Amino acid sequence: MRGVARVSVAGMDTIELTAEQRAKRRQGVLALLVVQLLFGLFPVFGKEAFHDFSPRGVTAWRIAVGSVALLALAFAAYGRKALFARADLGRFVLCSLLGVVLNMALFLEGLQRSTAVNTALLLPLIPVFTVIVAIVLRQERFDRVRAAGMTLAFAGALVLLLQRGPDLGRSYLVGNLLVIANEVFYAIYLVIARPLLSRYPPLVVVAWVFALSAWAAPLLAMGGGAFPENAAASSWWSLLYIVIGPTILTYLLNVFALARVSASTTASFIFIQPAITVLASQLWLREPLPDNMLLSTVLTFAGVWIVARRPAAKPLEASTARAPR
């Protein structure tokens, strides 16, 4: 059939991708690359913000601003049709709890108790958790080629991990465990959020995921550290970057990508983040680069390329239908 690409996946029937689906898949891959850049810089800006803001304070700002901005954008684009069906309330609430409240709070609490590099080097666990969840929930099947790509990408991250591996000693143990817990919740979120994208536009999904987490913002702000006195300008600028970049834009782009590629493919791009964070830490904090940085980068990008070219399942169509009234 003209204009249709056939992709054979081990253990599965041949997947046929139209020219339109291939284009949407490329859009998803590009969005994921931008996400990795924005989020890869997050630990460095987070450490700067922590000079004046507490992790709970930063989380409160992210949830509050994200909820208002994204919900306003959703209603501006879709009006009353941005409302979701009552039957999907439970899934939206669960996504908001796992993907926003617990995800953000645990990550920032862990980052404060660990280091920027340690936090980044633990990120390769997310794709592993995501694949496990996707297989358990029968959203994806095991595929040897994709597994090989993820193994190659993980090997690239492991090069950095062994070179400047996370300190699992007493001083960083709690922080590293909090980051790992964050990754488990985020992996579950990636999988359970994807079915919503077959029924709602990406903007509507992420807007409600944030809006339904808004209750947590005042509770987190009450813990202190959201409005520090005499905060340095660099802390405020870092907070602004965190709210706009690794919050609003990354959640929008991630959910945009999820409508075009599988959950495990979305997660596999996280392998790129350690290299970005380590490089940014060297440029910003003047930390020396790992000796095996080049090898790590080559392996990581090669693995992600294999996964990105190997669909796990027929991609979801990006929803153009209006959400139910």
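Contact here means heavy atoms within 4.5 Å. With that in hand, take the protein chain as a whole: among contacts between residues at least 6 apart in sequence, 89% join residues at least 24 apart.

Before going further, some housekeeping. This is a predicted model, where local features need pLDDT of at least 70 and side-chain atom pairs count only at pLDDT 80 or more, while totals for chains, interfaces and linings use all residues. Residues are numbered from 1 along each chain as its sequence is written, and side-chain values use heavy atoms, with hydrogens and water left out.

On secondary structure, the protein chain has 14 helices and two strands; these are DSSP runs numbered from the N terminus, with helices being H or I of at least four residues and strands being E of at least two. Of its 325 residues, 52% count as buried, where buried is under 20% relative accessible area, exposed is over 50% and partly exposed is in between (1.4 Å probe, protein chains only).

Now for the inside. A nonpolar core is a set of buried Ala, Val, Leu, Ile, Met, Phe, Trp, Tyr and Cys residues joined through side-chain atoms within 4.5 Å. The largest one has 47 residues, and Ile-63, Phe-92, Tyr-189 and Val-205 have the most contacts inside it. Several helices supply at least two residues each, among them helix 3 (55-78), helix 4 (89-113), helix 8 (170-193) and helix 11 (233-258). Helix 9 gives the most, with nine residues.

Next come the rings. A pair of aromatic rings is described by the distance of the centres and the angle of the planes. Here, rings of Phe, Tyr and Trp (its six-membered ring) pair if their centres lie within 6.5 Å, with planes under 30 degrees apart called stacked, over 60 edge-to-face and the rest tilted. The structure holds 13 aromatic pairs. One of them is Phe-39 with Phe-42, an edge-to-face pair at 5.1 Å centre to centre and 85° between the planes. Phe-39 counts as buried at 18% relative accessibility, and Phe-42 is buried at 0%. Elsewhere, Phe-75, Phe-84, Phe-92, Tyr-200 and Trp-208 make up one aromatic cluster; Phe-92 is also one of the residues with the most contacts in the largest core. Charge meets ring at Arg-260, whose charged end sits over the ring of Phe-256, 3.7 Å from its centre. The test for that is NZ of Lys or CZ of Arg within 6 Å of the ring centre and within 35 degrees of the ring normal.

Some polar side chains are worth a visit too. A polar contact is a pair of N or O atoms within 3.5 Å; within protein, one must be able to donate a hydrogen and the other to accept it, and residues adjacent in sequence count only if both atoms are side-chain atoms. Asn-182 lies in helix 8 and is buried, with a relative accessible area of 3%. Its side chain is joined to that of Asn-103 by a polar contact of 2.3 Å, and beyond four places in sequence Asn-182 touches Asn-103, Leu-106 and Phe-107. Glu-109, in helix 4, is buried at 14%. The side chain of Glu-109 makes a polar contact of 2.4 Å with the side chain of Arg-113.

Val-65 in helix 3 is partly exposed at 30%. Val-65 and Ile-248 are 183 residues apart in sequence, yet 8.5 Å apart C-alpha to C-alpha. The loop between helix 10 and helix 11 holds Gly-223, which is exposed at 51%. Its C-alpha is separated by 8.9 Å from that of Ser-54, 169 residues away along the chain. Asn-230 is found in the loop between helix 10 and helix 11 and is exposed at 76%. Asn-230 has a positive phi of about 55° although it is not a glycine.
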